[in-house]
Each structure stands twice: as structure tokens, then as C-alpha cells.
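Here's a quick look at a few features of a protein model. Have the viewer open and follow along.

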Amino acid sequence: MASLVGSRVERKEDKKFLTGKGRYTADINLANQTYAYFVRSPHARASISKVDVSKASNAPGVVKILTGDDLAEDKIGGLIAGWKIVSQDGTDMKVPAHPPLANNTVNYVGDHVAVVIAETLDQAREAADLVRVDYKVLKAVVKTSDALNSKPIHEGIDKNLCFDWGLGDKSKTDEAFSKAEKIIKIDLVNNRLIPNAMEPRASIGDYNPSSENLTLYTTNQNPHLTRLVLSAFCAIQPEHKFRVVAPDVGGGFGSKIYPYAEDAVIAWTAKKIERPVKWVAERTESFLSDCHGRDHITHAELAVKNDGKIVGLKVETIANLGGYASLFATVTPTYLYGPLVLGLYDIPVAFCNVKAVYTNTTPVDAYRGAGRPEATYMIERLVEKAAKEMGIDRAEFRSKNFISKFPHQQCLVHNIDSGDYSAHLNKALELSDYKNFENRRTESKSKGKLRGIGFSTYLEACGIAPSAVVMSIGAGVGLWESAEIRFNATGNISVFTGTHSHGQGHDTTFAQIVSDKLGVPIENIDLVHGDTDKGPFGMGTYGSRSLAVGGTAITKACDKIIDKGKKVAAHMLEAKPDEIDFKAGEFIVKNSNKKKTIGEIAFACYLPGQYGEIKSPLPEGVEPGLKETAFYDPVNFSFPAGTHICEVEVDQDTGETKVVAYTAVDDFGTVINPMIVEGQVHGGVVQGIGQALYENARYDESGQLITASYMDYTMPRANNLPELRIDYTSTPATSNPLGVKGCGEAGAIAAPPAVMNAVIDAIDIDISMPATSEKVCNALQKNKKNNKEAA
Ligand code: MCN
């Protein structure tokens with residue numbers, strides 16, 4: 001059987017998705033089901049003196065209306081921030097209470113106030129209109145830049161400051177700056193994004209009063225963690241009587257890693273009324289209440305020697321958390337951001353300070369890349385600016401500062417196991433035809449267009465680190481992963497994983513790994529995930545961890561199967577286990593033609609009757625059955641890296657910017673399925689182009705989200721893109737046995753600085769993301785006017 005790892009195996013899961021047979025939460029309908037509609041705050045900040053449900057309760061079809069008071073009466077706990085951050089002065093982060101239904105204050109437009117349960121969705125929606133809430137509207141804090149100087153929005157949280165965190169050696173960094181020959185400075189805004197997964201969030205609660213079992217179907221990337229939080233912190237239901245199912249999920253991009261207020265409320269409500277309750281978000285609800293991403297303001301400085309060698313880096317960031325601290329909100333701008341500000345450069349000293357603030361906006365949490373796009377945007381804009389100001393070619397400036405020996409201990413946190421940064425830079429230079437760029441610029445000029453080129457050489461840290469390490473720096477859970485390989489008697493396999501696939505193609509890539517390891521045809525291998533009642537506890541999918549961590553757990557479980565198989569085969573073939581080789585699905589006695597296939601071994605393990613002369617195929621002490629579980633705790637992050645080069649053409653009259661060429665050369669270590677990885681790079685790059693050119697969550701002064709529909713929030717479309725040139729280099733990771741590095745976020749991390757560096761190169765004016773036609777046009781007009789006045 002030819003090896004499947006490294007092949008472009010077609011996606012096993014596509015048949016159901018492409019034929020419309022996927023089963024999403026919204027597709028599930030249960031007998032006697034009711035419908036939920038949430039009453040949400042129309043104000044960004046208000047206190048609530050009364051929620052009057054009397055009129056609404058009498059509306060047709062209403063089954064129940066529940067408010068924050070009911071929640072408090074049932075002692076349902078609030079949502080939590082899952083990662084404790086300690087400020088530079090040694091104090092713990094400040095976290096406000098976050099009840100799933102507002103107690104007496106609301107903190108963003110869309111905040112949950114009450115839930116109406118009715119026989120039909122229309123009845124629930126109409127009754128929700130009749131719920132009278134007495135709001136006292138308070139002055140909202142909206143802008144990230146205003147938060148520290150505004151009155152607290154949460155009692156007792158001075159300056160709206162959650163934490164003031166520092167990473168690195170400040171005094172050594174100051175010293176390096178005092179000796180620097182050149183200091184390059186930059187001020188950046190990392191625009192707020194709205195995730196926009198194709199499938200809006202949805203939840204269905206189903207309680208069985210006789211068994212006292214509660215099931216929650218939900219659009220989630222992490223069903224075990226969701227059950228843990230709703231059980232241990234919200235106290236909705238004990239874990240052993242609580243099943244969380246995340247069926248087919250139509251994209252998440254980080255926004256579905258954790259339970260939301262709606263999940264808690266729907267699970268609790270179903271239990272309370274002893275009938276199934278279904279909620280599916282309308283698209284505007286998604287805009288308002290799915291956690292947003294990014295939203296940083298940063299000032300950064302690079303200390304450089306005249307020869308272009310970087311000697312130090314200083315970063316100061318204000319990160320907006322929104323109205324509350326969501327589950328992964330506090331780790332995103334700290335441990336997922338700070339260590340990565342160094343990029344893939346050998347920078348001897350650095351200091352990064354992050355102040356995280358509350359504002360009356362939708363909570364911000366992990367969104368594709370989570371912290372790493374913000375870090376990469378900062379360092380790649382800064383490096384490009386430094387190269388330009390110092391008159392050094394952008395590629396030369398970068399390679400002069402690349403880390404070149406591995407393993408490499410960076411001055412902040414990471415110990416990078418492997419990489420070859422010149423290899424991907426050189427390949428990208430070649431593929432993008434960099435050397436002839438100036439000819440293309442001239443050609444564009446002749447058509448009245450401004451052409452620019454921009455680079456992004458990025459480093460990512462994904463897979464996430466050893467549990468002991470992350471828990472010592474504040475994580476509320478370990479970040480290991482689980483797997484179970486369950487052979488059936490007839491030789492086919494169910495693979496259970498604690499990760500969750502919602503677009504990434506795990507059904508295929510994980511089956512490729514198992515097929516190669518165990519020599520079983522891929523069509524005889526099925527992946528099971530997303531149901532807490534089926535597989536072992538797992539940590540879910542985010543941080544491009546599923547292959548490096550979950551795939552390794554699968555590999556370990558396969559190894560255990562092989563070990564057991566060797567014992568059984570040895571017994572059946574009258575040899576010793578260490579005389580057995582396992583290859584391509586066969587257990588063979590060394591130097592002989594005596595062998596058993598893995599299918600025969602599985603059959604024998606489940607039906608241990610008489611086998612010829614042997615009474616039982618199982619040696620003494622070996623249990624029947626062929627099923628093995630493994631838990632894998634990673635020893636380190638994996639460190640993908642790459643070079644992305646973007647070319648844009650700007651229309652001087654309209655400001656319209658078109659990406660006319662895009663090259664991505666990434667190092668993901670060993671690639672299991674190049675076709676799936678290509679898809680991941682495509683998706684990520686397009687999201688990155690979206691952030692750079694189109695997407696922007698905007699609030700007005702009172703805190704109304706004015707981009708709460710597709711009329712106002714622009715997503716990238718196929719006609720905005722050129723054919724992407726994608727290639728790889730490969731330095732296998734040494735931190736996992738597969739040699740793999742994550743690929744799921746790379747594009748979204750690398751693309752924004754590549755695009756913005758290209759735009760700025762084209763127009764020669766420093767502008768912020770997104771470089772919309774309006775913004776570019778205004779900048780060009782202003783420049784023209786200034787130039788005229790100066791003349
Ligand atoms: N892969 C591979 N070889 C490698 C690396 C990965 O063949 N060297 C394969 C994996 O086996 C897997 C896929 O590529 O099938 C992505 O793997 P990985 O990088 O481990 O990422 P995860 O599976 O953990 O997915 C998470 C990642 C993240 S963090 C976001 S956000 C994201 C993303 O994946 N959200 C997505 N890609 C997405 N794609 C879709 N369609 N929808 C989302 O919500």
C-alpha cells in the first residue's frame with residue numbers, strides 16, 4: 001500500500017458537505033421543541049432598574065420568560081476568563097462579573113437581558129418586543145484609546161484596566177536603545193474584526209427529567225471544555241449527566257472555542273422547562289454577539305545599527321477586551337502576542353508592555369491567529385519601515401537579521417526547534433519574480449496605476465505548549481490531547497479524537513496517518529469527534545494544534561495497538577513479541593514468511609476461540625478486544641514560518657486597491673495532505689487580505705455597532721483576489737514525532753502586513769488598515785494638496 005502521508009487525498013467529508021447532507025445544529029429538531037429569542041440591550045452601557053415581563057408573558061405561545069433574577073435565584077454562575085494574567089506590579093487581573101443574563105447592568109449593544117421561550121420562533125420574537133426594560137443610559141466608553149482616561153465602566157476596575165503586563169528585560173532594552181545608531185518608530189492600529197463563520201451560532205438544550213440527563217447541541221470547536229465550564233463554573237448540570245454535542249460546524253475561526261451566554265441560558269432553560277429549547281442566531285445577532293477579534297493600538301520602536309543589524313525592540317500595546325473578559329481574551333494579547341513580537345529575527349533584547357482595557361463594545365477573543373497576527377503585523381511593518389528608512393533592500397534587511405541556527409532560544413520565551421528562514425525567503429523571491437518588480441511598477445505607471453510590493457516573513461507558535469508550562473503562566477486547563485483507536489472485529493477502525501473539525505479536513509488527514517501507521521485502507525477508517533459521550537475528554541481545535549497535538553495522540557494510540565498486536569501475533573505464530581516486525585498492516589516473524597494481517601489480529605482479539613492448535617490467540621495476561629487510548633502532552637509549540645509577498649495596484653483616481661499578485665511560501669514541517677494545507681493557506685490569506693483592505697468593525701460615539709450587516713461590513717470576495725502562488729519548504733519539527741507544524745492560521749497571520757506594506761510602497765503614504773478605496777483616495781488627495789501648497 002503506497003504511503004498516504006504527503007498525498008493529495010480527496011477529502012472524505014466532502015461528499016456529505018457538497019451534497020447538502022451535513023447535519024448542523026440548526027438542522028436538528030426535537031419532539032416537543034420550543035424556540036428561544038433573546039432580548040438584547042440596545043444600549044452600549046446602561047443600568048437596569050426593572051425588567052417587566054408581565055405583558056410579554058401573556059402573549060400567544062409564550063412558555064416562559066427568564067431574566068437575570070431567575071438566573072441568580074437558581075444560582076447559575078457567570079462566564080469566566082480562563083487564563084489568569086498577573087500585572088507587572090504583581091497584582092492579579094481585574095475581571096468583572098459576566099452573568100449570562102444581565103444582572104443590573106449591560107455593557108455592550110447586544111448584551112443579553114432576558115430570554116423568551118415560545119412554541120414558535122415568531123411567537124418568541126413578537127413576545128420579546130413586549131418585554132419592557134427600564135434602562136438608565138450611561139455614558140459609554142467606546143474607543144480603545146479612551147479607556148484608560150475614562151471613568152470605570154465596571155465598579156472597582158480603575159482606569160478600565162484589566163492588567164498591565166510586561167514581558168522581557170526593560171532595563172537591558174533601554175540600555176540597547178541608548179546605544180543604538182538608529183531608532184525606527186511606528187504607530188499602528190490593528191483593526192477590530194468580526195469573525196463571520198458561514199454558520200451562525202446555534203444551541204439546542206434537551207433535558208430528560210427521568211434520567212436527569214441534559215444534552216446541549218451547539219456550534220462549538222471544543223465540546224468537552226464547554227461542558228466543563230458550564231458544569232464547573234455555571235453549575236448548570238454535573239458533568240456525568242451532561243452531554244455536549246458539536247455536530248457539523250460551519251466554521252469557527254476561534255469564535256466558537258468557548259461557551260457563550262446563549263449556551264448557558266439554553267441549557268439551563270431546557271432543564272427548567274423540561275422541554276427542548278432551540279436557538280439559532282440571526283446574522284445581525286452574530287455581528288453583535290460573536291466575540292470580535294484584534295483591536296490593538298501599538299507604539300513600537302526598533303533599535304538598529306548602521307549596518308542594519310537589529311539590537312533591540314520595544315513594544316507598547318493597548319488591547320481592547322470589550323465589555324467583559326471572554327474565556328481566552330486575556331491570553332490572546334499576552335502569551336500569544338508578546339513572545340511573537342520578535343518575529344523570526346535574532347533580536348538580543350526586547351520589552352513588551354500590554355495594557356488590556358474594558359470598553360462598552362462586544363467582547364474580543366481569539367480570532368484566527370489570536371495575538372500572532374497582531375504581533376506579526378507590528379514587527380513586519382516596523383522591519384519594512386526600517387529597511388526603507390535605512391536604504392537597505394527589504395529582503396536583505398530581513399535575512400541579515402534572521403535566526404539562522406536551531407534550536408534557538410529567543411530572548412523572550414520561545415525555544416524554536418527548527419526552521420530555515422532563508423530557504424522560504426529565497427523561494428518566495430524566485431516565485432514572485434522580485435528582481436523584475438521595478439519593471440512591473442513602471443508598466444503599471446504607464447497605465448496610470450501605482451504599483452507596490454510588500455513582504456511579510458513571519459513566525460508562528462502553534463500547537464500550544466506543555467500543560468505544566470501553560471498552567472504555570474495562568475492557563476485554567478492543560479493543553480494535551482486525547483485519542484482512541486477502536487478496531488472493530490471485522491478489521492475496520494473508529495478513531496476518536498478530542499479535537500474538532502469544522503472545515504479543516506481532520507476526517508481525511510487523521511485517517512491518512514492511521515492508514516499509514518496501521519496499514520488499513522483509508523476507506524475503512526472513520527473519525528469520530530464532537531460528542532462528549534463518545535470519545536475521551538479532549539481539548540478541542542484552536543491554535544492550529546489539532547495535527548501536532550491531536551495527530552500525535554493518534555500516533556501514540558496506534559503504537560499501543562501495534563504493541564498489543566505484536567503480542568497476539570507472536571502467540572499465534574509461536575514466536576516471541578520481539579521477533580515480530582510490523583509493516584504495512586502485517587505482523588511478520590523476522591526472517592520467515594510466517595505472518596498475520598492486522599485484520600486477522602483484530603478478529604482474533606474480539607473472537608478469541610480455538611485457532612488451530614492454539615486454544616486462544618491471546619497470550620496469558622492479554623485482555624480481549626483491540627482498542628487503545630492515548631493522551632499526549634506536547635513538549636513544545638511547533639513553529640511554522642514563511643515568506644509572503646504581495647503586489648498591489650492602486651487606482652489613483654478612485655483609491656481602489658487590487659491585489660494583483662500574491663506569493664506564499666510556508667514551512668509547515670512535514671505536510672500530511674498538501675491539498676488540504678493549500679486550502680488552509682488560501683482561506684487564511686483571504687482573511688488576511690480582508691483585514692488589510694476591507695473589514696472593520698466600527699462603532700459610533702454612543703457604542704452602536706454601525707457595521708452590523710453585510711451592507712456595512714465588507715468581506716473579501718473571490719473577484720478581489722488573484723491566483724495565489726503557493727509553495728512550501730520543509731524543516732520537520734523535532735518537537736513531535738510526525739515532524740508537523742500547524743498551518744491553520746498562517747495565512748491570516750502573514751497576509752495583513754504583506755498587503756499593507758505593498759499598499760504603503762505603492763502610495764508612499766503611511767495609512768492604517770483597512771486600506772479602503774475611500775481611505776486611500778483621501779490620503780492621495782491630501783498628499784496632492786500638500787504637495788501643491790508646498791510648491
Ligand atoms: N495539516 C497537514 N500538514 C501539516 C499541517 C496541517 O496536512 N503540516 C492539515 C491537518 O491535518 C488539518 C489541517 O491541515 O487537516 C489544519 O491543521 P492544523 O494546522 O493542525 O489546524 P487545526 O486543525 O487545529 O485547525 C485550527 C485552525 C485554526 S486555529 C483556525 S482559527 C481555523 C483553521 O484552522 N479555523 C478554520 N482553519 C479553518 N478552516 C475552516 N474551514 N474553518 C475554520 O473555522
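## Ground rules

This is a predicted model, where local features need pLDDT of at least 70, side-chain atom pairs count only at pLDDT 80 or more, and totals for chains, interfaces and linings use all residues. Numbering runs from 1 along each chain as its sequence is written, and side-chain values use heavy atoms, with hydrogens and water left out.

## Cysteines

If a disulfide is a pair of cysteine sulfur atoms within 2.5 Å, the count here is zero. Take Cys 558: its closest cysteine sulfur belongs to Cys 605 and sits 15 Å away, so that's too far for a bond.

Cys 558 is buried (under 20% relative accessible area; exposed is over 50%, partly exposed in between, with a 1.4 Å probe and protein chains only), at a relative accessible area of 0%. Cys 605 is buried as well, also at 0%.

Phe 603 is partly exposed, with a relative accessible area of 40%.

## Helix α5

Which residues of α5 (170–179) are buried? They are Thr 173, Ala 176 and Phe 177. Looking down the axis of α5, these fall within an arc of 100° (taken from the directions from the helix axis to the C-beta atoms), so they line one face. An α-helix has 3.6 residues a turn, so residues three or four places apart point the same way.

The face of α5 turned away from the buried side carries exposed Ser 171, Ser 178 and Lys 179. On the buried side, the α5 residues pack against β8 (182–190), β13 (296–304), β14 (310–322) and β15 (350–358), with contact meaning heavy atoms within 4.5 Å.

Technical notes:
Helices (H or I, at least four residues) and strands (E, at least two) are DSSP runs, numbered from the N terminus.
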